[in-house]
Amino acid sequence: MQNLYIEMIVLFSIPFIITCLFIKIFINKRIASYFFDVPNHRKKHPQNIPAFGGIVIFTSIVLTVLILDIPMHYNDMIRILIG
């Protein structure tokens, strides 16, 4: 049981750390300036909002699966990539 908790902590902490690092890299390299949601008549926000968070989170999850070599069926991997 104790081993399960350690595995869960590792599985949640690695994508979190990768996401934090990628966000720092995106912001420092000014890559984030290309991914903005510009307000128009349908939006409620008055200024540009960064829209690269989903890309970073998706990348960190895929990298975690590849790094940890988590055994998955082909269908499960397709579902993650489509999601």
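Helix α2 passes helix α3 in a left-handed crossing, where left-handed means that the near helix is turned anticlockwise from the far one by less than a right angle, and right-handed that it is turned clockwise. The model is a predicted one, in which local features need pLDDT of at least 70 and side-chain atom pairs count only at pLDDT 80 or more, while totals for chains, interfaces and linings use all residues. Residues are numbered from 1 along each chain as its sequence is written, and side-chain values use heavy atoms, with hydrogens and water left out.

**Helix pairs**

Helices (H or I, at least four residues) and strands (E, at least two) are DSSP runs, numbered from the N terminus. Axes are lines fitted to C-alpha atoms, for helices over the stretch in contact, and angles run from 0 to 180 degrees between N-to-C directions.

| Helix pair | Axes come within | Crossing angle |
|---|---|---|
| α2 (residues 53-68) and α3 (residues 74-82) | 10 Å | roughly 160 degrees |
| α1 (residues 2-28) and α2 | 9 Å | roughly 130 degrees |

With axes crossing at roughly 160 degrees, α2 is roughly antiparallel to α3. Angles under 35 degrees count as roughly parallel, over 145 as roughly antiparallel, 65 to 115 as roughly perpendicular and the rest as oblique. On the α2 side, the contact with α3 (heavy atoms within 4.5 Å) involves F58, I61, V62 and V65, and on the α3 side M77, I80 and L81. These residues comprise seven nonpolar, no polar and no charged. In this scheme Ala, Val, Leu, Ile, Met, Phe, Trp, Tyr, Cys and Pro are nonpolar, Asp, Glu, Lys and Arg are charged, and the others, Gly among them, are polar.

For the other pair, the axes of α1 and α2 cross at roughly 130 degrees, so α1 is oblique to α2. The crossing of α1 past α2 is right-handed. From α1, the residues L11, I14, P15, I18, T19, F22, I23 and F26 meet V56, I57, T59, S60, L63, T64, I67 and L68 of α2. The α1 and α2 contact residues divide into twelve nonpolar, four polar and no charged.

**Selected residues**

T64 belongs to α2 and is buried at 4% relative accessible area, given that buried means under 20%, exposed over 50% and partly exposed in between (1.4 Å probe, protein chains only). A polar atom of the T64 side chain lies 2.7 Å from the backbone oxygen of S60. Leaving aside residues up to four places away in sequence, T64 touches I14, P15, I18 and I70.

T19, in α1, is likewise buried, with a relative accessible area of 14%. Its side chain reaches the backbone oxygen of P15 at 2.7 Å. With residues up to four places away in sequence not counted, T19 touches V56, I57 and S60. The C-alpha atoms of T19 and T59 are 8.1 Å apart, although 40 residues separate them along the chain.

F22 is also found in α1 and is partly exposed, at 24% relative accessibility. Not counting residues up to four places away in sequence, F22 touches V56, T59 and L63. From F22 to G53, 31 residues apart in sequence, the C-alpha to C-alpha distance is 9.6 Å.

Note on methods
Polar contact = N/O pair within 3.5 Å; in protein donor to acceptor, adjacent residues only side chain to side chain.
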